[in-house]
Structure formats: C-alpha cells, structure tokens
Amino acid sequence: QMEKITLYKEQLSRMRSMNRYYHDQFLLDVRILFIFNTVFIFLSLNNKNALYLIPLISLFGSVILSFHAYFLIFSRHYSEFIEKKINSEYDENVLIAHQLENEYFFPTQERKIVVAVLNKGFTWFSFVTLFITLYGISSFVWSMIQIVNNDLNINYIYLVSTVTLITLVIGYWWFVSGTGEKRLERVFNKHGE
C-alpha cells in the first residue's frame with residue numbers, strides 16, 4: 001500500500017507542477033499579448049496598416065491561452081483523480097485541494113466555456129477568463145471593422161475570418177461540448193475513479 005501511495009504522490013506532485021507552470025505561462029502570455037495589442041492599437045491611429053496585426057494578435061492569443069487552459073484542465077482533472085485515489089487508500093478525506101479548487105476556481109465536472117462556469121459555480125476565475133476573452137474579441141472585432149471601413153485588403157478579411165471560424169468550431173467542439181473532458185472521464189472510469 002505504501003508503494004502505491006508513493007506512486008500516487010509522485011504523480012500528484014507532477015500534476016501540481018504542471019498546473020503551476022501553465023498558470024504562470026498563461027499570466028505571462030496575457031501580459032505580453034495585452035502589451036502587443038495595445039501598442040498596435042495605438043500605432044493604428046496614425047498608420048492604418050498596423051490594423052492588420054491586431055486580429056492576428058487576438059486570434060493567436062486566444063489559441064495560445066486556450067492551449068494553456070487545455071493543460072490546466074488536464075492537470076486539474078488528473079490531480080483530482082489522484083487525490084481521490086489517495087483518500088480511498090486511507091478511507092478518509094486526507095487530501096481536499098481538489099474540493100477547494102472546485103469551489104474556488106472552477107468545478108471540473110461542470111459544463112464550461114473553457115474554464116468559465118456560467119451557473120451557480122461562477123467565480124472570480126470565471127469573470128477574469130470572460131474579461132480577457134471579451135477584451136480579445138473586442139479588439140479583434142474593432143480592428144476588423146476598421147479594416148473594412150478603410151477599404152483595406154478584402155482577401156485578408158476572408159482569410160482571417162475563415163481561420164477564426166475554424167478555430168471557434170474546433171474550440172467549441174473540444175471545450176464547450178466537453179469532448180476533451182469526456183475523454184478523460186473514460187480513462188478515469190476505466191481505472192476506477
């Protein structure tokens with residue numbers, strides 16, 4: 001039993017490290033993207049060609065930040081699985097971090113927009129996620145409208161719009177429909193959650 005618990009603890013430590021790394025990376029990238037976005041919005045006031053970079057920064061930013069969330073969701077689910085396994089070995093709740101995280105950050109078992117819950121489980125974490133998302137969408141839409149209004153390259157608009165639509169469809173399929181988390185559930189169920 002001690003060997004099994006040691007293995008669980010090593011895996012839990014690994015998942016906690018992953019969680020911290022991707023939180024840190026997320027926050028760093030948010031700052032960098034915000035700075036780039038702000039700089040190009042400012043530059044676009046005097047140079048309309050700077051508008052072309054804003055949708056790309058917003059689109060790339062949404063993909064890279066979702067990629068960090070992808071790993072956060074994975075590490076949260078796996079940490080919860082391991083903590084429940086350790087608790088069952090001890091026949092009591094010796095580890096409660098997953099319960100605190102489900103209440104304070106976002107519940108792993110609820111339907112979400114990436115990591116934002118829109119029901120009674122709504123948290124500050126959900127608000128910040130939606131705030132960053134809406135900021136990115138606003139700057140994307142604003143710059144695309146400016147590109148159209150200034151009769152800039154229509155092929156650019158078609159290309160960026162197509163890539164954006166593909167990204168939204170795949171993002172909805174993976175995150176909002178729960179495809180990714182259902183795949184985790186299948187493995188956890190197979191290994192006796």
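Modeller: Phe 188 counts as buried because its relative accessibility is 7%; buried means under 20% relative accessible area, exposed over 50% and partly exposed in between, with a 1.4 Å probe and protein chains only. The model is predicted, so local features need pLDDT of at least 70 and side-chain atom pairs count only at pLDDT 80 or more, whereas totals for chains, interfaces and linings use all residues. Residues are numbered from 1 along each chain as its sequence is written, and side-chain values use heavy atoms, leaving out hydrogens and water.

The whole structure holds 18 aromatic pairs. Rings of Phe, Tyr and Trp (its six-membered ring) pair if their centres lie within 6.5 Å; planes under 30 degrees apart count as stacked, over 60 as edge-to-face and the rest as tilted. Tyr 78 and Phe 188 are stacked, because their ring centres are 6.4 Å apart and their planes meet at 10°. Since Tyr 78 belongs to helix α2 and Phe 188 to helix α6 (residues 179–190), this pair ties together parts 110 residues apart in sequence. Helices are DSSP runs (H or I, at least four residues), as are strands (E, at least two), numbered from the N terminus. Tyr 78 is buried, as is Phe 188.

Phe 81 and Phe 188 also form a stacked pair, for their ring centres lie 4.6 Å apart and their planes are at 15°. Phe 81 is in helix α2 and Phe 188 in helix α6, so parts 107 residues apart in sequence are tied together by this pair. With 8% relative accessibility, Phe 81 counts as buried.
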